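Here's a quick briefing to keep beside you while you turn the model around on screen.

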Amino acid sequence: EGLRVTEIGPGIEALAGWTPEAALRPGWRQSGIDHRVAAPGAAGLEALAQADTATLDFRFARPDGGWLWLRESLEVIARGPAGLEVRGTLEDVSAERLLALQAATAAKFATLGEMAAGLAHELNQPIAIMALAAENAAVALESGAVGGEEARSRRRGSVAPAGRGKA
């Protein structure tokens, strides 16, 4: 993994559900990360080779089988021949991630609503024109103002908008 945890605070149990003893086992951090969502494990550590701080978010397994999103903030406190000494903190950002997902979903639904309104307008326009033309032809026929040929011409004109947009 490239990271060896040597000390962990008792707050890990309230945060992630794991005891400090379990969290100190080699490979605990790496095995808890959901690599299907993201594989940030090495990225944060590699960033520390160039910078003094790094922050990364990842989905992490709870001992009860559930998941939470953690934000890990790392800070180099010493550089030496044996490697880096790093201090880190973990923060539960599950609620933040859920809000971001809800906002993205709401934006998608808003866009879908706008598209549906535009489509309804595009469909209603030719239908309204056809209905008006058919009504005018019927009124003209009933009043005797036009003959059969003119009525047929108006009827053909009433269905012309249905072909609008055809190639």
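Start with β2 and β3: the two strands make a hairpin, with two residues between them. Bear in mind that you're looking at a predicted model. Overall, the protein has six helices and three strands, and along the sequence they run α-α-α-α-β-β-β-α-α.

**The hairpin and its sheet**
- β2 and β3 (residues 83-92) pair in the antiparallel sense, and ten bridges link them.
- Another landmark is Leu70, whose bridge partner in β3 is Asp92.
- Zoom out and you'll see an open sheet of three strands in the order β1-β2-β3, paired antiparallel.
- The edges of that sheet are β1 and β3, each of which pairs on one side only.
- From one strand to the next, the twist averages 30°.
- Helix α5 (residues 94-143) packs on the sheet and touches β1, β2 and β3.
- The direction of α5 makes about 125° with that of β2.

**A buried arginine**
- Arg71 is part of strand β2.
- Is Arg71 buried or exposed? Its relative accessibility is 18%, so Arg71 counts as buried, the cut-off being under 20%.
- The side chain of Arg71 has a partner in Glu96: a polar contact of 2.8 Å joins the two side chains.
- Setting aside neighbours within four places in sequence, Arg71 also touches other residues, among them Thr55, Leu56 and Asp57.
- Thr89, Leu90, Glu91 and Val93 are on that contact list for Arg71 too.

**The nonpolar core**
- The largest nonpolar core is made of 15 residues.
- Which residues have the most contacts inside this core? They are Ile12, Trp28, Leu48, Phe58, Phe60 and Leu70.
- Two or more residues of this core come from each of α1 (11-16), β1 (53-61) and β2 (67-80).

**The protein as a whole**
- Of its 167 residues, 22% count as buried.
- The accessible surface comes to about 11200 Å², and carbon and sulfur atoms account for 58% of that.
- Take the contacts between residues at least 6 apart in sequence: 41% of them join residues at least 24 apart.

Conventions
Residues numbered from 1 in each chain as written. Predicted model: local features only at pLDDT ≥ 70, side-chain atom pairs only at ≥ 80, totals over all residues. Heavy atoms only, no water. Core = buried A, V, L, I, M, F, W, Y, C linked by side-chain atoms within 4.5 Å. Buried < 20%, exposed > 50% of the residue type's maximum accessible area, 1.4 Å probe, protein only. Helix = DSSP H or I, 4+ residues; strand = E, 2+ residues; numbered from the N terminus. Contact = heavy atoms within 4.5 Å. Areas by Shrake-Rupley, 256 points an atom, 1.4 Å probe, with all protein chains shown as cover. Polar contact = N/O pair within 3.5 Å; in protein donor to acceptor, adjacent residues only side chain to side chain. Pairing = 2+ DSSP bridges. Axes fitted to C-alpha atoms, helices over the stretch in contact; angles between N-to-C directions.
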